[in-house]
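Here are a few friendly notes to read alongside the model. Keep the viewer open and look up each point as you go.

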Amino acid sequence: MPSPTPAPDKRPSPEALLRQARREERGQLKIFLGAAPGVGKTYAMLTEGAALRRAGQDVVVGVVETHSRAETEALLDGMEVVPRREELYRGHRLSEMDLDALIRRAPTLALVDEYAHTNIEGSRHPKRWQDVEELLDAGIDVYTTLNVQHVESLNDVVASFTRVRVRETVPDSVFERAEIKLVDLPPDELIDRLKDGKVYVPQEASRALGHFFSKPNLSALREMALRRAALSVDRQMLNDLDAGGVAGTYAAGERILVAISEQPGADALVRTAKRLADGLNAPWTAVHIETPRSQGFDEAAQRRIASALALAATLGATIASIPAENVIAGLAGQVEAQRATQLIIGRSQRSWWFELRHGSVVESLIRASKDLAIHVIPSPDTIEMQGRWRGLTRGWGRPQSYGAAALLIAATTLLAKLGEPLIGRGAIDLIYLVPVIFAATLYGLRPGLFASVAAALAFNFFFLDPVHTFTVADPQSVLTMLILTGVAVVTSNLAGRLRTRAQIGVRSAQENAAMASFAQTLARASDRETTAIATCEEVSRLLDVRAVVMTHRDGLLQPLAARPGEARISPVDQAAAEWAWTSGEPAGRGTNTLLASDWQFHPLKTGLGVLAILGIARDDDRDPVSAGRAALLATLVGQAALAFERLHLEDEMRGLSVLEERDRLRAALLSSIGHDLRTPLTGVTAAIEAIGAEYPGAKTLPMAKAELSRLRRFLDNLVELVRIDAGGLQLKMDTVDLTDAVAGVVHDLKDILRGHHIDFQVPAALPLVRSDERLLHHILLNLLANAVQHGGNAGPIAIIGRRTSDGLLLTIRDRGPGLAPGTETAIFETFAQGAGSDRHGGSGLGLAIAKGFADALGIAVSAANHADGGAAFTLAFPDQLIVPAPIP
């Protein structure tokens with residue numbers, strides 16, 4: 001049994017060393033974990049970040065939510081804060097962490113608040129924790145904050161007592177590579193902070209005290225945070241121990257192992273282990289030790305083992321089926337490998353004869369254990385006498401084996417009789433060991449024992465005086481016969497055990513080789529269909545089942561591949577597959593959900609979610625997977641899930657590469673067009689001016705000048721679009737009077753505004769704004785030209801400015817047919833045209849450039865249909881861009 005003292009001969013775990021190497025290649029993540037809002041996570045993170053900055057480290061603030069708490073805001077003084085990017089979402093101006101700016105800045109440490117935050121639509125990643133992963137991949141260390149209710153595995157538990165379903169969650173896998181720092185605050189102190197208005201405003205605080213922030217809820221959340229932090233620390237300790245090759249249990253955290261046997265009551269052991277694991281919030285493993293004796297288990301025993309392992313997997317345990325010489329050695333090895341602190345084992349009512357032959361597993365473990373707590377659960381005595389008799393007689397093998405053993409003894413007797421004149425009787429007893437060894441090796445232990453008894457009787461009958469009788473006259477002959485019998489029994493026993501172990505070893509080697517071949521096949525697969533076919537073929541071959549892989553296509557869960565033949569999916573089967581897809585848990589035959597299904601469905605689930613469904617079924621009425629194959633199936637499912645995850649990520653990378661190449665080509669094309677056309681445009685302009693001077697009364701001259709002005713604006717748009725895409729905009733913020741700015745745009749467009757009435761409603765009393773005058777002029781120029789081009793002569797073009805409670809709005813409205821429904825946002829995309837609406841017929845650049853410039857200036861631009869007809873484009877200047885009026 002394991003001991004806490006280091007063992008110099010214990011080898012470091014290659015997997016642990018590999019995990020350490022991978023951690024060193026990326027940035028380090030530190031999570032400040034708390035039980036609830038207001039415990040001081042952000043304050044603790046900023047305090048530690050400021051201390052590191054004073055110590056000389058390059059620390060920047062990526063995003064921090066102070067929630068207007070004075071003591072938190074004070075910590076930002078002197079800290080470098082990366083400006084956030086701003087986005088317009090459903091009419092509101094929202095800000096998000098600027099991931100690209102943070103990566104370009106490349107600090108040593110980035111402080112990123114609210115790890116579980118959901119980014120607004122259109123962001124590169126839907127969740128902030130995915131942004132953090134990209135920062136870590138870039139080699140940037142990250143400090144972040146998280147409340148325990150946002151942990152995915154604890155979401156349901158929190159909702160059960162708080163009655164609040166948290167929608168923003170992070171996967172548990174992120175904790176495996178993170179350092180956890182617990183920020184703790186007793187419930188009474190947190191409630192006092194809430195009452196003092198240090199967490200929420202008074203109105204929200206009163207409501208929170210009566211619901212989420214009740215003392216029982218806070219106490220439960222605090223306990224969960226403490227346990228989750230302890231679990232993460234325990235896992236990191238185990239990884240360090242494995243990497244250093246240090247032996248011992250190191251019971252800083254509980255780790256539970258439950259032993260599954262063929263006896264009745266194994267399911268009770270599993271449920272006991274589950275309750276204990278939940279109570280201790282500890283990881284647990286269900287293991288079945290496969291010994292040579294397991295080869296003789298009947299179908300009922302195999303079903304009990306399979307059922308218990310399947311139940312354990314459903315309840316969240318790690319399952320394993322381990323070959324070993326005996327149960328004691330196998331369990332001892334698992335206790336050491338898992339560094340288990342508690343073992344749950346059943347004790348059945350064994351006969352004295354069984355314990356005499358095999359020993360008592362429970363007693364042996366108790367005597368050998370040092371720092372292992374053993375829970376002995378009595379197993380129900382439900383096996384009747386008939387069953388006991390079958391248990392005593394099972395595993396004797398086929399009658400043909402005994403017939404072959406008898407023939408070997410007969411052939412040996414005949415050869416010995418023929419050779420007796422040459423070799424004498426003295427060496428004949430040794431000859432009989434040969435058929436005994438052959439029988440035990442070829443047919444197993446019990447045929448070998450039969451051969452040893454038959455050999456002793458044949459030697460007595462044919463070669464001991466008086467011959468042809470079973471009487472032994474010479475006492476020395478009695479001793480010879482007894483020695484022959486003993487040696488034959490021992491030899492057959494050893495040969496039989498070696499044969500059984502060899503069979504187990506061969507099967508394990510075959511499974512390992514099959515798994516290695518399966519992994520290579522999946523690695524070579526370049527599409528989902530090939531991966532699905534390889535998965536079905538391997539699962540069908542190894543488990544002797546029918547297999548199907550299903551994925552979502554056209555909104556439905558449909559078979560992608562099946563082996564052998566086509567998969568027949570009934571409505572009940574379809575319901576089980578859909579449930580497995582939705583819940584991420586196994587469903588169907590042999591599980592706890594939709595047992596009427598002919599198939600057993602397993603979700604191929606990774607950190608990206610459920611990517612496909614693997615279904616297995618048998619043509620007979622048996623469960624799809626046996627006990628000895630449950631762990632193999634789990635490994636197959638895991639490898640297939642990783643293969644589908646790789647394909648998913650490859651598709652995303654290919655999509656990103658295509659987009660990047662398309663953007664690069666577009667930028668190069670636009671730049672070339674924008675610059676190469678300027679020279680001929682200058683010549684055309686000079687020619688038109690010369691024609692105007694010579695023929696001032698030409699009727700087509702105004703049209704030529706207007707079209708030339710339009711072409712010049714188009715080329716300017718191309719050049720500006722390239723600048724936006726290249727990130728080459730340089731802002732020169734100054735104080736701007738919107739009345740003058742709009743008047744200047746109207747003057748510059750006087751040629752194309754001939755025949756159009758401008759309804760100018762920009763009061764001179766509007767406050768000044770801070771903006772880049774040149775870029776703002778370009779925005780207004782494009783919006784007004786767009787209104788002239790698409791508004792037609794249906795009515796006047798209105799330019800309206802008004803002050804609001806949170807900023808200033810400037811609207812340009814035409815009287816055209818308006819925007820097509822659903823295009824209010826898409827109309828600002830590059831080359832977008834609203835077909836069938838008032839946006840049809842333009843280049844599709846003006847509005848895209850207007851939005852690009854507006855985003856750079858921090859101005860929100862939006863489009864909508866006016867209630868009285870026509871389209872209205874609005875520029876929203878936030879309060880921070882409004883220049884306050886001077887105090888008299």
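Predicted model: local features only at pLDDT ≥ 70, side-chain atom pairs only at ≥ 80, totals over all residues.

1. At 1.5 Å a residue, the 12 residues of H28 should span 16 Å, and the C-alpha atoms at its ends lie 17 Å apart, so the two values agree.

2. How many residues of H28 are buried? The count is 9 of 12, so this helix is mostly covered, with buried meaning under 20% relative accessible area. Among the buried residues are Gly846, Leu847, Ile849, Phe853 and Leu857. Just after H28 comes Gly858, which takes a positive phi of about 80°.

3. Now for the aromatic rings. A pair of aromatic rings is described by the distance of the centres and the angle of the planes. Searching the whole structure gives 3 aromatic pairs. One of them joins Phe461 and Phe462, with 5.0 Å from centre to centre and 80° between the planes, an edge-to-face arrangement. Phe461 is partly exposed at 24% relative accessible area, and Phe462 is also partly exposed, at 28%.

4. Trp599 and Phe601 also pair up: their ring centres are 6.4 Å apart and their planes meet at 25°, so this pair is stacked. Are these two residues buried or exposed? Both Trp599 and Phe601 are buried.

5. Finally, look at the surface. Leu414, Leu415 and Leu418 make up a nonpolar patch there, with about 350 Å² of accessible area together. Leu418 sits in helix H16, residues 399-423. Its relative accessibility is 61%, so Leu418 counts as exposed.

Terms used: Residues numbered from 1 in each chain as written. Heavy atoms only, no water. Patch = residues over 30% accessible without salt bridge, like charges linked within 9 Å, V, L, I, M, F, W, Y side chains within 5 Å. Areas by Shrake-Rupley, 256 points an atom, 1.4 Å probe, with all protein chains shown as cover. Salt bridge = Lys/Arg side-chain N within 4 Å of Asp/Glu carboxyl O. Helix = DSSP H or I, 4+ residues; strand = E, 2+ residues; numbered from the N terminus. Buried < 20%, exposed > 50% of the residue type's maximum accessible area, 1.4 Å probe, protein only. Phe/Tyr/Trp six-rings, centres within 6.5 Å; stacked < 30°, edge-to-face > 60°. Expected span 1.5 Å × (residues − 1).
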